[in-house]
Number of protein chains: 4
Amino acid sequence: MSETTSLRVLGISGSLRAASWNTKALRTARELAPAGMEIEVFEGLRDIPHYDDDLRTGSGYPAAAERLRQALKAADAVLIYTPEYNYSIPGVLKNAIDWASRPPEQPFDNKPVAIAGAATGLLGTARAQYQLRQMFVFLNGLVLNKPEVMISQAPTRFDAAGNLTDQATRDLVTAQLAALRDWTIRVRR
Amino acid sequence: MSETTSLRVLGISGSLRAASWNTKALRTARELAPAGMEIEVFEGLRDIPHYDDDLRTGSGYPAAAERLRQALKAADAVLIYTPEYNYSIPGVLKNAIDWASRPPEQPFDNKPVAIAGAATGLLGTARAQYQLRQMFVFLNGLVLNKPEVMISQAPTRFDAAGNLTDQATRDLVTAQLAALRDWTIRVRR
Amino acid sequence: MSETTSLRVLGISGSLRAASWNTKALRTARELAPAGMEIEVFEGLRDIPHYDDDLRTGSGYPAAAERLRQALKAADAVLIYTPEYNYSIPGVLKNAIDWASRPPEQPFDNKPVAIAGAATGLLGTARAQYQLRQMFVFLNGLVLNKPEVMISQAPTRFDAAGNLTDQATRDLVTAQLAALRDWTIRVRR
Amino acid sequence: MSETTSLRVLGISGSLRAASWNTKALRTARELAPAGMEIEVFEGLRDIPHYDDDLRTGSGYPAAAERLRQALKAADAVLIYTPEYNYSIPGVLKNAIDWASRPPEQPFDNKPVAIAGAATGLLGTARAQYQLRQMFVFLNGLVLNKPEVMISQAPTRFDAAGNLTDQATRDLVTAQLAALRDWTIRVRR
């Protein structure tokens, strides 16, 4: 990879609500992407129906699921911002992963992945993130270990317009993106 | 609770496909329910839209989600048969839990829960079950420890008509139901 | 159990160092125990040798391990304060559990358990606690769900003499003890 | 790394008992190591005292702990065979990790790691392995995703002399070693 090559990162927010902290944080990550990295934010988790293997083997991949699969396939790396619902990732995010993981191609295989999350509480999505990490063992995603981005007390770190203004958090988001870039280059075959 | 009182157990299968091993196993559990226990199988996970907090706070609970919430509220205990997708529970099952868990009433609170699962492989949904157990810490579900029901190599244990015919597995399913009954009575306040 | 009966709770700190936040917090818990509950702090994890099944089947339980087993057997409930080492519980605590769990009697079986922990960081032993909870599924310990006691930023919550002075934390510790008392009575057979 | 350079892998068995399936499996792995890989089996977990930070900051690393630290530091990769005790790794193995993880150098940092395990039951150490994987997130160990080596029903796979004779299992062990070799080369900086 030459120095001018741009890494394409697919960003996914696990929340559907309009004012989601995770969606806001992901947008900030897109702005903070280092030189040589472009983050595309995937829109459309909402449009992916509940996974049903009869549907897949019957009429094939629904359009929104296929769009996710193609976007993952085209990406050099994946960046997931997940909220924590009931000590795990949201069902809607898991459902997207369930569709993405099926044959013939499994787009997470050997793909560098960074996991992050924002929450109003102190634990900042930690529990959801460790469950998500376990899923990527099966998927053979190459999950970045560090830095872990767990944005706690989110309402204190964003301004009224939804911008992530807390500088320490911005620095952490930036550091993770740099680490993801380095990791992606490092594991490239 | 008098000896003639029947425990009402709400059974949930985490799979949507018609020939699901988990749905079949849950039906078998319903047949094997001990005296004094009735298992109602909840149908309708498919109809619950993706969780979106804007939807809930805007137009309220969708009909299918409200139906699940009421069924959980009315139940004395819950029995979940979950497949394992990507080393966790299916998105569609998690989505149902996400809707069920929201205010004003959280129907899993203090509710006895038994977890089971069937899979074609050797590990038999173990990874999904431990993730699900962690969710119930948040939800304050009272999850039965033992016996754990992890039906491995499912295709060898059912007949062509979808009946769970393996006697050892039938005995295990029966033992878990008896343990759930005892546990439900034990923790009743 | 009559109202004057005292619940005997065995308290275990997972840290060996003299100035351990967890040992200090456990001592505070002992002082805050509600009427009808007495907390005995187990000393001696250090004296239990590394688990070796050859040792157990050869010369039997080492004295310190046997002492722990008897203390657990005599207790109505168990309270564990664990630090977090490498995102899990300390080896020395796990080793004690490994000895306690062996035949002929498994003293955690059906025993009410409360889990707590203190740490200097923000996550306050959360990761260690969820791993410990999984161990108690095997052991059939009846682990209290709530309140979870994760004392973060411990150095700000204790005075120079090692007393837990932060009132909100004291209240949380007290609330967990009350919940453990109620839970112990509730699951008593 | 030239083609003739040998990868030095440090092998660790988490069990102390003489007839341990994991120690036997690790010895077999040593024999099956591919060209260009040498597996040294670390002996001495038994001699590492319980972790106590006062001991470390007082008299420094105990000799056995320092020996483990140096062996890890000198290794290009680590191979851990762990039994499952109480749904997690043995205390003695966790204790070794606790000592290894402390300053000034943390020898697991950026180190390729493969995890395997043998058990008499069907689940074959799965639960212990996922807990161990979580520890390596903190330690920034680069844990190989696949193939996972979970040797179930161990007594049926070894002969009376303790040799791993089951060919499918031998092939799996071999495949993991090859994957560890490729992974080690891939992530080398």
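Trainee: How much area do chain A and chain B bury between them?

Mentor: The size of an interface is often given as the accessible area lost when the parts come together. Here chain A and chain B bury about 2,700 Å², 53% of it on carbon and sulfur atoms; this is accessible area (1.4 Å probe) summed over both parts. A:His50, A:Asn86 and A:Tyr87 supply 27% of the area that chain A buries against chain B, more than any other three residues. This is a predicted model: local features need pLDDT of at least 70, side-chain atom pairs count only at pLDDT 80 or more, and totals for chains, interfaces and linings use all residues. Residues are numbered from 1 along each chain as its sequence is written, chains are lettered from A in the order in which they are written, and side-chain values use heavy atoms, without hydrogens and water.

Trainee: How many salt bridges are there between chain A and chain B?

Mentor: A salt bridge is a side-chain nitrogen of Lys or Arg within 4 Å of a carboxyl oxygen of Asp or Glu. The count between these chains is two. A:Asp52 forms one with B:Arg46, with the closest N and O atoms 2.9 Å apart.

Trainee: How do the axes of helices H3 and H4 of chain C cross?

Mentor: Two packed helices are described by the angle between their axes and the distance between the axes. Helices are DSSP runs (H or I, at least four residues), numbered from the N terminus. Axes are lines fitted to C-alpha atoms over the stretch in contact (heavy atoms within 4.5 Å), and angles run from 0 to 180 degrees between N-to-C directions. The axes of H3(C), residues 63-74, and H4(C), residues 91-100, come within 9 Å and cross at roughly 75°. H3(C) and H4(C) are therefore roughly perpendicular (65 to 115 degrees).

Note on methods
Helices (H or I, at least four residues) and strands (E, at least two) are DSSP runs, numbered from the N terminus. Angles under 35 degrees count as roughly parallel, over 145 as roughly antiparallel, 65 to 115 as roughly perpendicular and the rest as oblique. Buried area is the accessible area (1.4 Å probe) that two parts lose on being put together, summed over both.
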